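Biologist: I would like to learn how to read a protein model. Could we take one feature at a time?

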Amino acid sequence: ESINFYVAVQAFLQGLFNLCSLAVFMYQKEQLKLEPSVIQMASGILAIPWSVKPVIGYFLDQFLQRFKSAKPVFIATSVCIMILYSLVGHFTIPTVPFYILYFLAVTCVVTQNIVAEYLLCLTTQQESRETGTVKNNFPIYFGFRATGGLIGTFFGGRIINSYSLGTAFYITSFVPALIIISAMVHQEPNLVEEKEHRSFKEEVKVIGKLIFQKELLMLIICVVLVNISPNYDSTTTFFLTDVLKFSKSTLADLSTISGIFYIIGMFIYYKFLVDVSPKRLFLMTNLLVWVGNVSFMALVLEWVQNIGISPKFFCMLNYGITSFISELNSMPVMAIWTAYVPKGLEATSITLFTGINNLSSNLSNYTGTFIVWFLGITSTDLRKFWIALTIQNAYLIVVVVLIFFVPIAEPKIAKKTPETEIKYEMMEKKTQNVD
């Protein structure tokens with residue numbers, strides 16, 4: 001409970017970085033005068049640290065196993081973030097230096113994210129062994145981070161409207177100081193047990209066996225296929241601001257609504273849907289995401305406006321429901337993967353899956369960028385945006401049909417009995433034996 005509280009506090013503070021999330025986009029759009037396709041491509045580049053989480057996770061595994069504390073990581077990365085955001089807040093930064101500074105900031109945030117996942121993975125496995133059920137403590141991290149993000153996005157848009165983009169970055173630079181104070185004040189429990197020493201070659205073999213278990217491999221393939229669906233986030237924002245004339249505070253309100261529904265989705269899953277078949281939940285939520293995407297295309301084609309529905313109201317509802325469904329989509333997948341994580345490689349293993357997940361999501365930025373470029377969509381010509389959305393929706397429905405026929409792992413340990421204990425031990429041995 002103590003470590004969960006510690007992670008919850010850190011997650012909430014990390015969520016406050018959303019104070020400048022809108023400022024980052026608007027800086028590229030208004031200060032740097034970049035086109036939608038360029039911003040979308042840059043988003044893919046800035047997401048690289050999220051895609052290489054397994055590499056960062058491996059080195060963090062070695063560090064945490066040696067020093068038995070996550071505090072130095074939280075403190076060092078927070079100091080770096082504080083400096084980087086202060087620079088952007090105080091000076092007018094040209095395009096290339098801006099992306100370099102923000103890339104470094106993202107890398108530090110990713111490192112903090114990995115440490116939090118590492119700690120939660122330890123508590124999840126510990127509670128699973130004690131209770132005989134497959135636990136999932138990740139809603140703790142994502143829930144509190146979403147709450148912090150909710151507050152950050154709500155006030156971030158209003159800071160930009162009332163002051164300036166630089167002010168948003170400057171205020172955000174104080175958030176890492178709170179993370180440092182939290183890390184120094186909190187008495188961090190030592191959950192790191194002494195593990196059997198493995199050579200690098202043996203660790204690679206363990207990870208290889210983990211990935212190529214049939215059910216897990218199918219799970220990874222399904223997640224990748226869903227994630228590489230073309231992403232048009234930057235183009236969508238241009239559509240909202242330049243066509244629908246949404247203000248910056250309205251964009252912040254959309255993010256706020258998304259955050260509220262995200263938290264609700266997490267609560268619903270944690271309380272009522274933990275025991276639902278992961279494959280069934282994964283399939284149904286992806287189908288509902290497709291429905292949400294199709295409905296947004298109706299907005300782009302002005303069908304929504306023609307029947308008298310307010311675009312702002314429609315977007316609030318669409319963003320909220322899509323965020324709610326997306327949360328229900330991701331949680332069971334994390335629960336499955338965590339159940340198979342081998343001892344001593346917690347950070348490496350959990351970030352391997354999230355890294356694959358992020359890498360495939362990152363690829364969606366590039367596929368989206370190519371389609372936007374190929375169709376000739378620019379900041380002043382969004383007439384073919386509906387075609388790009390049609391391509392996205394056609395691809396996603398094909399993937400949903402394929403998922404229906406794919407076997408996906410569904411590890412469950414209903415009660416703590418001798419039989420289930422043996423089952424759990426066998427599951428662990430599957431991923432730990434290197435001979």
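Modeller: We can start with a cysteine. C20 has a relative accessibility of 0%, so C20 counts as buried. The model is predicted.

Biologist: Is C222 buried or exposed?

Modeller: C222 is buried as well, with a relative accessible area of 2%.

Biologist: How many disulfides does a search of the whole structure find?

Modeller: First the general idea. A disulfide is a covalent bond that joins the sulfur atoms of two cysteines. In this case, the search of the whole structure finds zero disulfides.

Biologist: Next, the rings. How many aromatic pairs are found in the whole structure?

Modeller: The search gives 14 aromatic pairs. One of them is F98 with Y99: the ring centres lie 5.5 Å apart and the planes meet at 65°, so this pair is edge-to-face. The cut-off behind that word is a plane angle over 60 degrees.

Biologist: What is the relative accessible area of F98?

Modeller: For F98 the value is 0%, which makes F98 buried. Y99 counts as buried too, at 16% relative accessibility. The cut-off for buried is under 20%.

Biologist: How are the rings of Y170 and F174 placed?

Modeller: Their centres are 5.3 Å apart and their planes stand at 90°, so Y170 and F174 form an edge-to-face pair. Y170 is partly exposed, with a relative accessible area of 36%. F174 is also partly exposed, at 48%.

Biologist: Which residues do ring pairs link into a cluster?

Modeller: The cluster consists of F17, Y27, Y85, F98, Y99, Y102 and F169.

Biologist: Where does the charged end of R158 sit?

Modeller: A ring can also have a charge over it. Here the charged end of R158 lies over the ring of F154, at 4.0 Å from the ring centre.

Biologist: Now the whole chain. How many helices and strands does the protein chain have?

Modeller: There are 20 helices and zero strands in the protein chain. The chain has 435 residues, and 55% of them count as buried.

Biologist: What share of the contacts joins residues at least 24 apart?

Modeller: The contacts considered are those between residues at least 6 apart in sequence. Of these, 86% join residues at least 24 apart.

Definitions and conventions:
Residues numbered from 1 in each chain as written. Predicted model: local features only at pLDDT ≥ 70, side-chain atom pairs only at ≥ 80, totals over all residues. Heavy atoms only, no water. Phe/Tyr/Trp six-rings, centres within 6.5 Å; stacked < 30°, edge-to-face > 60°. Buried < 20%, exposed > 50% of the residue type's maximum accessible area, 1.4 Å probe, protein only. Lys NZ or Arg CZ within 6 Å of the ring centre and 35° of its normal. Helix = DSSP H or I, 4+ residues; strand = E, 2+ residues; numbered from the N terminus. Contact = heavy atoms within 4.5 Å. Disulfide = S-S within 2.5 Å.
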